[in-house]
Amino acid sequence: MPIPLFNSIASWLLKKRDHQIELFLKYPAEVQEEVLRQLLSIAEDTEIGKKYGFESIPNYKTFAQRVPIVSYEEIEPMIERTRKGEQNIFWPTAIKWFAKSSGTTNAKSKFIPVSSEALEDCHYKSGKDLLCLYLNNNENSQLFTGKSLRLGGSKELYQDNGTFFGDLSAILIDNMPFWAELSSTPSNKVSLMSEWESKMHAIIKESVQENVTSLAGVPSWMLVLLNNVLEETGKDHLFQVWENLEVYFHGGVNFGPYKDQYKTLLPRKNFNYYEIYNASEGFFAIQDRNHADDLLLMLDYGIFYEFIPMDNYGTLEQRVVPLWEVRVKVNYAILITTNAGLWRYKIGDTVRFTSTDPYRIKVTGRTKHHINVFG
């Protein structure tokens, strides 16, 4: 298929998602309530579903009264049972993948369950939405005339007791649909390499030959890669390597400290930066406007959201509110209930709403940092 035709077809398909996004923009509370009903219905015959009587929970109020708020340490025994092969504990479909991440209070690694539903209806759906929103804001984009240079995790997927664990990015790359691999560089084989230095050279060798139109990855590691690209090619800036580069999709860490360095590498005023907010537990929000510094909370990814105001977090007066009761300019800790079997789970992040029509947020930090400073 000729590249311009592929670009037009891909753009048309992605823009069709607009109508579904408009639905949760107009009816956010109803969409979130429906997400909760579906999650409870799907999981009612699991071990945890029977324990808390999911089948007889009629609404959010009962859900909040009956199901406890949990941290990773409290559900770790259930996750370990699943890693050893038990199923139907907290989610009915088989959990075959675990996203390994660090950051718990006891400094041990976390193994976050990733279901097939989470892959399809959250992580991959969000990737398509990111492109959809970007294309709608940039109608002259030629994104699909080239490839996306993606920088995934530097760990391999390991097999352990019949399940796999590794960086979330490695799990996503290993299971991504064929169309995503066709439009990406480097190859999956190189992307999943575990040794960083060898991987760096292999990525550069493959990608400098391609027409790269976008970048995707964590700012800190992407900066290392891009500086290496300039060093190996002897170029002054990245447009001398990839003249059609138009956008960098980034997330994972605060972009502020890196922005000036990127502007040096990418010296075009019309170059776009698009931020995302995701974690091992799910994909939550996407920048939906050019040059914005807040993110649109995505409400139909199989994730039900609750929020704890940080001014009473961890106290006897702690209260929890659903999305439709949040206020702007208040710092909240996030609770999520997901299509991978996390129920009222504290992910440890804090956000502040900049708008409630639609619901847009800024990530403000980690709960433990606020506790240390103010507690």
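Colleague: With which residues is His-250 in contact, leaving aside its neighbours within four places in sequence?

Modeller: This is a predicted model, in which local features need pLDDT of at least 70, side-chain atom pairs count only at pLDDT 80 or more, and totals for chains, interfaces and linings use all residues. Residues are numbered from 1 along each chain as its sequence is written, and side-chain values use heavy atoms, with hydrogens and water left out. Taking contact as heavy atoms within 4.5 Å, the partners of His-250 are Gly-217, Pro-219, Phe-255, Tyr-273, Tyr-274, Glu-275 and Ile-276.

Colleague: Is His-250 buried or exposed?

Modeller: His-250 belongs to strand E8, residues 247-250, where strands (E, at least two residues) and helices (H or I, at least four) are DSSP runs numbered from the N terminus. Buried means under 20% relative accessible area, exposed over 50%, and partly exposed in between, with a 1.4 Å probe and protein chains only. Because its relative accessibility is 3%, His-250 counts as buried.

Colleague: Which residue forms an aromatic pair with Phe-249?

Modeller: The structure holds 25 aromatic pairs, meaning rings of Phe, Tyr and Trp (its six-membered ring) with centres within 6.5 Å, called stacked when the planes are under 30 degrees apart, edge-to-face when over 60 and tilted for the rest. One of them is edge-to-face, with 5.7 Å centre to centre and 85° between the planes, and it links Phe-249 in strand E8 to a residue of helix H7 (residues 116-137), 115 residues apart. The partner of Phe-249 is Tyr-134.
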